[in-house]
Amino acid sequence: MSTLLLMKLFETTPNRYDRGIRLLTGGQLDNFYDRVIVHVKEGDRVLDIGCGTGALTLRAAKKRAIVKAIDINPRMLDVARAKAKKADFSQNIEFVEMGVAELGNEPDQTYDVVLCGLCLSELSKKELDFAVNEVSRILKPKGLFLVIDETRPQRFLRRLLQGFFRSIFKLFVFLFSGTTTRALKNFQDRIEKAGFEVVSFQLNKSQNLLELAARKIGINPDE
Amino acid sequence: MNRVKYVFFYLLETILRFLPLPQKTGLIKIGHPNKNSPVLVTGNYHLTVLKVLRALKGQNVFLLVANSRGINVWCAAAGGHFTFHDVISALKLSNIESLVDHREVILPQLAACGIEAKVIHQRTGWNVKWGPVHIKDFLAYLEIGQQKSIDMSIVRFPMQDRLEMSIAWASWMSAVFFFVLWIFKREAAVPAIFVVWLLTLFVFSAFPVYLPLLRPGVKKRLIFMVSFLFLALAGLGIFSLLTSHFTAHFLLFWGIISFITVLLLGGDIAGSTPFLISEFREEKGLQIEVDSKKCRGDGICMNACPLDCFILDKQKQLVIFERPEKCICCGACVVQCQFDALSYVDYKGHRVPPDFIRRHKVGFSGKWKPRY
């Protein structure tokens, strides 16, 4: 799924983003989303970070969760809002144009679930560390952090192969949109350090898309 | 050594100017800043940061490098790649709030077309001040107590900038010519580099001469291209006479090379300058309109406008769009106005509201379709 990088091109035309992503991933991403969303229960307070066109937001709202969906791209949010309206979920969703840097304004222990689909790989290292710590703070005790994102394969050969394809796409995407993404590295370790316990962890066949559910246990066991 | 490094990157990145070249974001301390030192923000285009560091040598300031996707501040802000989110991210994640006592951040004025100062203030409490357009003016700006003279808020296109622009154009064009000719007409590949470079340097250095021609109301591209083609042919003629190469074939071949070069440059010469509006911009033909009922005359638009289009009517406490012929529809005034008093209006009177412009930035990507 090195091709996921190409989504940066579709982001310039949000109307075509959904179709583009489906084309790039052959529907695989949808399956991942469907699977990860089983952790969301009715009435849960959910935060969707980097909601984009609302793929995860709508799935969560469909399960009657109360969702706050944030993204920094107002045009992607427009598409998401339109989709929510069409599906008749808009009353359960609050869309806000804000980035992870503003998570500091969210009160402690507010959410049952934090969703993050293909967003963490777009953050700088600093933003990623900040985001993970903030998510840990704003989740209720035993709250769930659900992440779907690009990752670096574990096995050396696969990594080499992916690195090769990815660098070609990287150049291409960079030339056209001046942007790029960073596949997550050792993400499991990282969030365990931030006080999470990994509940489930899955990779796709080519080992470069990860689906992860982590439960907040707190860095301090007394918490 | 630093100087050598600077010259190296300056040359390399001037050649590669049309490519985004990112550098690490975050806080840079220049000199020994203290709790009252000014806080500056710039984009993370590598050459920008180098230039800013060079210009601020000997000062004591905090420089926040925000993520503008490796693009220069103006293009990034206008294209929606550099928004208030990036500035907020830089402010919140850099620890700057514990390093200074004040809450005033100086942003480059040219970022005003994409970064909403009001939102930054609402969400973080930081006040945005628009600094000078050119970093070279920054020391003078500090000296007069962080005030801007009108000169400092106007974008210029001096010889050095024009040379940089011609290097940026000439390098990629000559590279393309070189490779194509290397395949089809090898002996012409190297001379083509010279022709392209000479012609491009000439076009950009002569800019002040033909600038009056490029103002609206004249068939500018045509005049521009015909005259430069004529000059190029004259140059070729003289050259061929002097070197006794004077044949029809020689003139025709190099005439075509010159024609393609002039066509590429002249197709949108206005877009290569900072004070004319590109031929391909959708905003072309739109005009700024001031709603006198909403305007309070606080002059934020005057502070953000890089072309000095506005004047203030002090008696009526109103801003007047006095010099529309200078406007390039960068949108800075519309985006910054706190009272939504400004908007674009097309020749039929259809209004593009400020919120739309804030959302889509410059270049509406075909989103705004007036209904006739």
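**Exercise 1. Describe how much area chain A and chain B bury between them, and which residues take part.**

Solution. Chain A and chain B bury about 1700 Å² between them, and 55% of it lies on carbon and sulfur atoms; buried area here is the accessible area (1.4 Å probe) that two parts lose on being put together, summed over both. The size of an interface is often given in this way, as the accessible area lost when the parts come together. The model is predicted, so local features need pLDDT of at least 70 and side-chain atom pairs count only at pLDDT 80 or more, while totals for chains, interfaces and linings use all residues. Residues are numbered from 1 along each chain as its sequence is written, chains are lettered from A and ligands numbered from 1 in the order in which they are written, and side-chain values use heavy atoms, with hydrogens and water left out.

As a next step, take the contacts, where contact means heavy atoms within 4.5 Å: 20 residues of chain A are in contact with 17 residues of chain B.

**Exercise 2. Find the polar contacts and the salt bridges that connect the two chains, and say which helices of chain A supply residues to the interface.**

Solution. Begin with the polar contacts, each a pair of N or O atoms within 3.5 Å, where within protein one must be able to donate a hydrogen and the other to accept it, and residues adjacent in sequence count only if both atoms are side-chain atoms. Six residue pairs, both residues at pLDDT 80 or more, are in polar contact across the interface of chain A and chain B. On the side of chain A that touches chain B, α5 (74-86), α6 (125-138) and α7 (156-177) of chain A each supply at least two residues, where helices (H or I, at least four residues) and strands (E, at least two) are DSSP runs, numbered from the N terminus. The largest share, four residues, comes from α5(A).

Then turn to the salt bridges, in which a side-chain nitrogen of Lys or Arg is within 4 Å of a carboxyl oxygen of Asp or Glu. Between chain A and chain B the count is two. In one salt bridge, Arg359(B) meets Asp78(A) at 2.4 Å, N to O. Another pairs Arg123(B) with Glu102(A), their closest N and O atoms being 3.0 Å apart. Because Arg123(B) lies in helix α6 (residues 117-124) of chain B and Glu102(A) in the loop between β3 (93-97) and β4 (111-117) of chain A, this pair joins two chains.
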